[in-house]
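Please keep the sequence and the model in view while reading.

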Amino acid sequence: MEQAMNLQQRMDTTKETATFYRVFAMIAAGMILDGADVYLASAVNSAIVSTHFATLAQGSVFLSSGFLGLFFGSIFAGFFGDFLGRRKAYSTNLLIFGVLTLCAAFATNIWMLVGLRFFAAIGLGAEIVTGYALINEFAPIKNRGRWSGVTSVIANLAAPLTLLLAASVIPRYTWRAMFVIVGVLALILWVVRRHFPESPRWLIARGEYDKAEKIIEKLEVNGSYSTNDSSVKRQPVKTRIGIGLLVATVAVSAVNLTQYTFTSWMPTLLIKQGIEVVHSLTFSAVMMAGAPIGALIGALLVDVIGRKKVIVSAFVMTAVFGMIYSQQHTTVGILTVRFLVVTMMYILMASVVGVYMSELFPTYFRFRGTGYANGVAKILTVLTPYFAAWAITQFSANLIFYFIAAVALIAAIVVAVYGPETKQKAIY
């Protein structure tokens with residue numbers, strides 16, 4: 001026990017080194033692929049429907065198959081990573097995704113494409129579970145929130161990068177080329193990740209102290225932060241697994257539901273407010289600039305004022321701005337308030353999904369805990385479009401904003417009442 005505590009404390013205080021930066025780079029690259037996949041599917045879906053490779057209904061099945069695969073991938077990754085090791089889980093998922101995505105480029109019919117998409121998404125479903133959990137396990141306490149938040153900022157750059165790539169590639173080389181490009185990139189990253197070190201925290205939890213020692217020595221070459229520094233605290237995060245699951249599941253589900261509902265239906269909601277189609281797409285693009293800005297704000301604040309204050313405040317402001325938005329009827333008002341809503345949502349994306357969720361669980365349960373929370377969020381995300389379509393057609397588009405406000409406020413209350421403050425505390 002004494003040896004384990006000593007190794008944990010050394011991990012907590014190590015300064016950033018070349019080894020850590022390589023780990024961070026590999027994780028960030030994987031998160032870009034994870035973020036790109038959603039927009040890849042959207043761009044490909046438009047192309048296969050417009051070229052009559054699939055009907056509109058079949059295109060919906062294609063999109064749903066991806067979300068369903070992500071659900072199973074999140075669950076499987078939790079068990080795989082906790083019992084067989086972070087390194088194996090982190091390598092296997094990309095191999096599955098890369099190979100099957102490459103095969104999707106040669107699908108001869110829509111149902112073959114749907115099947116390949118489903119199984120490829122199972123591989124990618126592990127990425128968000130493993131990525132954020134791993135950066136939490138490798139980063140020092142002093143800057144752990146910042147590094148996790150920066151990972152989220154980089155992940156959110158995937159949207160413009162993927163859309164620009166799709167706009168350039170699909171008209172020239174068809175939608176199949178997108179699968180080739182993304183599949184090849186995933187396989188290249190898989191090769192690079194063969195040298196990814198095992199998480200020392202996982203090795204310590206398994207009692208493999210000698211192996212952990214060798215990796216920690218590489219992470220210590222630049223020395224350690226002083227334990228006298230008030231920002232380096234020794235006390236660990238103390239949360240029961242049941243409470244951790246409750247807080248993580250509610251918070252992550254709320255982030256996904258509000259963000260996906262709002263951004264996915266943005267053009268439609270603008271049209272309902274009297275904005276022309278062309279202008280609605282332009283406005284949507286402008287307002288999505290709040291995504292990287294919000295993620296950056298979240299990344300900067302979590303280590304300064306604490307996780308709970310950032311998360312609870314952002315959930316409350318999401319609800320407030322969402323309700324204010326529903327009352328806007330001028331172009332300036334719509335543009336301004338919607339930008340603020342998007343910014344709040346991506347502050348939450350960085351602080352909840354990128355940082356807080358992984359800190360709520362002990363090492364031996366971390367991958368399963370984050371996997372369960374992400375899995376529930378994915379299933380709810382699959383069901384949300386049906387609610388949104390029903391609300392718009394049967395009642396009013398404003399019902400969507402009431403829904404967003406209610407979900408955000410419930411999450412704020414749960415985090416405020418049950419969530420521990422994990423700012424610069426040890427995770428064992």
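## A loop residue and a cavity

Ile305 is found in the loop that joins α14 (290-301) to α15 (307-325); helices here are DSSP runs (H or I, at least four residues), numbered from the N terminus. The model is predicted, so local features need pLDDT of at least 70 and side-chain atom pairs count only at pLDDT 80 or more, while totals for chains, interfaces and linings use all residues. Residues are numbered from 1 along each chain as its sequence is written, and side-chain values use heavy atoms, without hydrogens and water.

Ile305 counts as partly exposed because its relative accessibility is 38%, between the limits of under 20% for buried and over 50% for exposed (1.4 Å probe, protein chains only). Apart from neighbours within four places in sequence, Ile305 contacts Val310 and Lys423, where contact means heavy atoms within 4.5 Å. Lys423 is 118 residues from Ile305 along the chain, yet their C-alpha atoms are 8.3 Å apart.

The structure also has one cavity of 30 Å³ or more. A cavity is a set of points, on a 1 Å grid over the protein atoms alone, where a 1.4 Å probe fits but cannot get out; lining residues have an atom within 4 Å of a point. Grid points are joined across faces, edges and corners, and the volume is the space filled by probe spheres set on them. The largest cavity has a volume of about 40 Å³.

| Helix giving two or more lining residues | Range |
|---|---|
| α2 | residues 18-50 |
| α4 | residues 86-104 |
| α5 | residues 110-138 |

Of these, α4 gives the most, with four residues. Among the lining residues are Asp37, Phe97, Arg117 and Phe179.

Methods. 1 Å grid on protein atoms, 1.4 Å probe; cavity = no way out; pocket = protein on both sides within 12 Å on 5 of 7 lines; lining within 4 Å.
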